[in-house]
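Subject: Structure handover

Hello,

Here is the structure for you to look through. Please open it alongside this note.

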Amino acid sequence: MPKNTICLWYDKDAEAAARFYVETFPIAKWVPVHRAPSDVLSGKKGDVLTVEFTVAGVPCIGLNGGPAFKQSEAFSFQIATDDQKETDRHRNAIIGNGGQESACGWCKDKWGVSWQITPRTLTEAIAAGGDEAKRAFDAMMDMKKVDVAVIEARRG
C-alpha cells in the first residue's frame, strides 16, 4: 500500500464504484476486494469491506462504511483531458451511469463523488494569467460541459 491513499466512503457500493472507475478512466487498476472478518459498520462478516484501485494513477480505497457519511463537492477528482472527444467521453460516462452534470465541467457520479473533467487548454489559459485567463475563465463560468473550441477561441 502506498504511504498516501485516498479513502472514499460508500454506503455499500465500493466494489461497483471501483469497477466503474477502472473501466472509465485512464491509468486505472483494479486490486481484489477485502472482506469483513466479522460483522462491522453496516455489513456482515464476509461482505466487501474495502477495495483498492487506482484512478488516473491515483491510489484509492473504497470503504463500505454504511450510510453515516455522504460524499461532498468539497472533494473532487480532476481529470485533465487533451481534447473535446476525451472530455465528452469521460463526462458522458459519468452522467450516463446515473450521474448528474453541474457547472464549469463538474459532474457527480451516482455514488455522489464529484469529478472535474477539465481540458488542458482551460488550465493552461488560467495559468497564463492576465486577460487570457479572464476570458477563458469567464467563458467557462457559463458552461456545464467545457467547450474546448470556445476556450481556445477566448485564449486569444
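Below is what was found in it, from the overall layout down to single residues.

**Ground rules**

This is a predicted model, so local features need pLDDT of at least 70 and side-chain atom pairs count only at pLDDT 80 or more, while totals for chains, interfaces and linings use all residues. Residues are numbered from 1 along each chain as its sequence is written, and side-chain values use heavy atoms, with hydrogens and water left out.

**Overall layout**

The protein has five helices and eight strands. Both kinds of element are DSSP runs numbered from the N terminus: helices are H or I with at least four residues, strands are E with at least two. In sequence order the pattern reads β-α-β-β-β-β-α-β-β-β-α-α-α. The C-alpha trace spans about 60 × 25 × 25 Å along its principal axes.

Of the 156 residues, 37% are buried. Buried means under 20% relative accessible area, exposed means over 50%, and partly exposed is in between (1.4 Å probe, protein chains only). Now take the contacts with a separation of 6 or more: 58% of them come from residues 24 or more positions apart. Contact means heavy atoms within 4.5 Å.

Four strands form an open sheet in the order 5-8-7-6, with mixed pairing. Two strands pair if DSSP finds at least two bridges between them. Strand 5 (76-81) and strand 6 (100-101) are the edges, each pairing on one side only. As background, strands of a sheet pair through backbone hydrogen bonds, either parallel or antiparallel.

Strand 5 and strand 8 run parallel and are joined by six bridges. Isoleucine 79 has isoleucine 117 in strand 8 as its bridge partner. Strand 7 (residues 106-108) pairs with strand 8 (residues 114-119) in the antiparallel sense, over three bridges. There, cysteine 107 stands opposite tryptophan 115 in strand 8. Strands 7 and 8 also make a hairpin, with five residues between them. Glycine 112 in that turn has a positive phi of about 95°.

Helix 2 (residues 84-96) lies across strands 5, 6, 7 and 8. It runs at about 165° to strand 8. Axes here are lines fitted to C-alpha atoms, for helices over the stretch in contact, and angles run from 0 to 180 degrees between N-to-C directions.

How many residues of strand 8 are buried? Six of its six. Both faces are covered: Ser114, Gln116 and Thr118 are buried on one side, and Trp115, Ile117 and Pro119 on the other.

Leaving out residues up to four places away in sequence, threonine 118 touches Gln78, Ile79, Ala80, Thr81 and Thr123.

**Helix 3 against helix 5**

Helix 3 (residues 120-128) packs on helix 5 (residues 148-155) at an angle of about 25°, with the axes 9 Å apart. That makes the two helices roughly parallel. For angles, under 35 degrees counts as roughly parallel, over 145 as roughly antiparallel, 65 to 115 as roughly perpendicular and the rest as oblique.

Which residues meet? Thr121, Leu122, Glu124 and Ala125 in helix 3 meet Val148, Ile151, Glu152 and Arg155 in helix 5. By class, this contact has four nonpolar, one polar and three charged residues. Ala, Val, Leu, Ile, Met, Phe, Trp, Tyr, Cys and Pro count as nonpolar, Asp, Glu, Lys and Arg as charged, and the others, Gly among them, as polar.

**Loop residues to look at**

- Alanine 56 sits in the loop between strand 3 (48-55) and strand 4 (58-64). Its phi is positive, about 50°, although it is not a glycine. It is partly exposed, at 31% relative accessible area.
- Cysteine 104 is in the loop between strand 6 and strand 7. It too is not a glycine, yet has a positive phi of about 60°. Its relative accessible area is 15%, so it is buried.
- Alanine 36 is in the loop between strand 2 (29-35) and strand 3. At 7% relative accessibility it counts as buried. Beyond its neighbours within four places in sequence, alanine 36 contacts Lys44, Lys45, Gly46, Asp47 and Leu49. From alanine 36 to alanine 103 is 67 residues in sequence and 38 Å in space, C-alpha to C-alpha.

Best wishes
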